[in-house]
Amino acid sequence: MTPTLVSPLASFVDGLHVPRRLIAKEHDGSLVVRMRMGEHRFHRDLPVSKIWGYEGTVPGPTIETERGHPVTVEWRNELEGPFPVAVTTAPMHADAQGVPVQCVPGLSGGTADRNAVALTGHAVVHLHGGLTPAVYDGWAENLLAPGQSAIFHYPMDQRAALLWYHDHVMGITRFDVYAGLAGLWIVRDEPERELGLPEGPPFEVPLLLQDRNFDLDENGRLTGRLVHKTDPEVMEAFAPFTVVNGKVWPVLDVQPAVYRFRVINASNARTYRLVLVRNGDPELDRITQIGTDHGLLRAPTSMPSEGLVLASAERADLLVDFSDLAPGSLLTLFNTAKAPFDGSSYAATRAEAAADLAGLLPHPEVMQFKVVRGSAQRRVFPAALATDYSAPSPEELADATRRMILLVERELDGEPNMLTMRELAPVEDSDGTGLLTVTRNGETTRYRAVAAHFEDVTTFFPVLGEYEVWQLINLTGDTHPIHVHLDPLQILSRRPIRYDIAEGGIEDLAITAAVTLERDPADQLDHTIDDNERGLKDTVRVNPNEVVEIAVRFTNYSGRYMYHCHILEHEDRDMMRPFVTMPMELMPFMA
Ligand SMILES: [Cu+2]
């Protein structure tokens, strides 16, 4: 029996906060958003925290836009130092009682990182999910210093969806987003409106999920100061307190009606597997998923039997039916995903008992819904949702350029292992070492790593308008949410692999490993594509012992973009690479 931790904060005492709406058409499509130091109370019983936020709030205002109506945002960097988060690496993974340090508040014997203390507020704004020209996409190195501003043009020539804007500064995205620099961005359009879905308050509610930790004073009391804590064994920060729209474990009063929740995982690293529980039993059939990262699915889907999995940056558009419930009914949302997440299963029926200290999940609660008086409103929604996309046909993919991306864990002396990636190219030579072999149906192909770091030479040049197939091969023990900027992607396949890595086989470019496309006997995962993943995505989970094939097609904008793991601690440590889109007619002139 694992010990459980008593939380120093009470759950379900703060009302859910809904971020202020900033509706673009009320400002003629021209917005000003300031990045500012702010003060924010994460919980009734916490002192105020210093944060960096858009308009000084956590989350930032929800920007609402219409398809076909371009939006201009003047992003003004008015941030002031010092950096409001205490960044530390604790000296031990666990305390004397065996409790992992990431499960508790405070610095756990770590010292505040001096380089983080010295940060003064450089920023880059990226609209995640935006079909945005490259110059406005928020290249990670094109910084805005405090006092500087930039005017970004967003064409909004894209289908209705929940996007989000967040900081993307090279090397410190994990700190800037943790400090508060994130907000929601909704695109609406007529085809979606014709379905009669809830739009705006009270029945459409965004839920932005994050995990946060706080410092302690010398008497062991919570101070409210944000803490980003890692340890010698875990390079990602998994914080113990779940924060929804900026409040720890909030409660939302709901009428007996159907609600539309626009859910996003905006955590640095934590994956959630959400289960709705009433009277001790999971009630997943109250929930219907209608949309994913890039908007509506073709048809509504029910929840996966173990719950809704959302890795960092994934979104879900959910309808939840409370209409049959009497006033006073309580429903609690739990997270059953241990951290780091590796895809392993956990029964929804045991959601209330999901606390797992070894799995860095001390408090599985997420939020609560309390049914209040109101006239019951049942609604019938259409069985068909979107008709504007379909899976690419085999003919469309027959001549597609294929690219291979390897996700690897590199051991480093004196610091935690680095989770990173390699771009591969097939090679003819057969000299044994430094090559990755992939064996499929007895046939073996050899590959050499041609890029390892963000600053290595660009090797991906997708032609505008043409489908490509990217293969993501995971040789690590963790699930990685891989995000591709610009146009949405579709998941083609998810298949089991087994692999052997030679002793010291993960070097910079020399990778000595053998992958076989068949199941590892020790592998427990089912490697299926969930129904809710068969839509237009921009972030795809790649589980351990798995190869995932995605179809990408870039349409309108040429230029230099990025793709990366959306675990921000991985992205910041080189699990990010550039690609350059170009029209076909210019390819003959590329050197
Ligand atoms: Cu990753």
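Pro-340 sits in the loop that links strand S23 (330–335) to strand S24 (365–371). Strands here are DSSP runs of E with at least two residues, and helices are runs of H or I with at least four residues, both numbered from the N terminus. The peptide bond between Ala-339 and Pro-340 is cis, with omega about -10°. The model is predicted: local features need pLDDT of at least 70, side-chain atom pairs count only at pLDDT 80 or more, and totals for chains, interfaces and linings use all residues. Residues are numbered from 1 along each chain as its sequence is written, and side-chain values use heavy atoms, with hydrogens and water left out.

**Around strand S23**

- Five of the six residues of S23 are buried, so the strand is largely enclosed by the rest of the structure. Buried means under 20% relative accessible area, exposed means over 50%, and partly exposed lies in between (1.4 Å probe, protein chains only).
- S23 pairs with S24 in the antiparallel sense, over five bridges. Two strands count as paired if DSSP finds at least two bridges between them.
- In this pairing, Leu-330 stands opposite Lys-370 of S24.
- Strand S17 (residues 272–278) also pairs with S23, antiparallel and over four bridges. Here Leu-274 stands opposite Asn-335 of S23.
- Gly-328 belongs to the loop between strand S22 (315–321) and S23. Gly-328 is partly exposed, at a relative accessible area of 46%.
- Gly-328 and Lys-370 are 42 residues apart along the chain, yet their C-alpha atoms are separated by 6.2 Å.

**Backbone features**

- Leu-360 is not a glycine, but its phi is positive, at about 50°.
- With 2% relative accessibility, Leu-360 counts as buried.
- Phe-12 is another non-glycine residue with a positive phi, of about 60°. Phe-12 is placed in the segment before strand S1 (21–23).
- Phe-12 counts as buried at 18% relative accessibility.
- Gly-81 and Pro-82 are joined by a cis peptide bond, with omega near -5°. Pro-82 is found in the loop between strand S5 (71–78) and strand S6 (85–89).

**Copper site**

- Three residues coordinate the copper ion: His-480 through ND1, Cys-565 through SG and His-570 through ND1, at 2.1 Å. Donors are N, O and S atoms within 2.8 Å of the metal (3.2 Å for Na, K and Ca); water is not among the atoms, so sites may look incomplete.
- Along the chain, the donors of the copper ion follow the spacing H-x84-C-x4-H.
- Cys-565 and His-570 are both buried.

**The sheet with S30 and S36**

- Strand S30 (residues 480–484) and strand S36 (residues 559–565) run antiparallel and are joined by three bridges.
- Ile-482 stands opposite Cys-565 in S36. Cys-565 is also one of the copper ligands, through SG.
- An open sheet of four strands holds this pair, in the order S34-S30-S36-S37 and with antiparallel pairing.
- Strand S34 (539–542) and strand S37 (576–581) are the edge strands; each has a single partner, so one side of each is left without a neighbour in the sheet.
- From one strand to the next, the twist averages 25°. Axes are lines fitted to C-alpha atoms, for helices over the stretch in contact, and angles run from 0 to 180 degrees between N-to-C directions.

**Whole protein**

- The secondary structure amounts to five helices and 37 strands.
- The radius of gyration is 23 Å, close to the 25 Å from the globule rule for 591 residues, so the protein is as compact as a globular protein of that length. The radius is taken over C-alpha atoms, and the rule is 2.2 Å times the number of residues to the power 0.38.
- The C-alpha trace spans about 70 × 60 × 55 Å along its principal axes.
- Of the 591 residues, 60% are buried.
- Among contacts between residues at least 6 apart in sequence, 78% join residues at least 24 apart. Contact means heavy atoms within 4.5 Å.
- The accessible surface comes to about 22,700 Å², and 49% of this belongs to carbon and sulfur atoms. Areas come from the Shrake-Rupley method with a 1.4 Å probe; for residues, only the protein chains shown count as cover.
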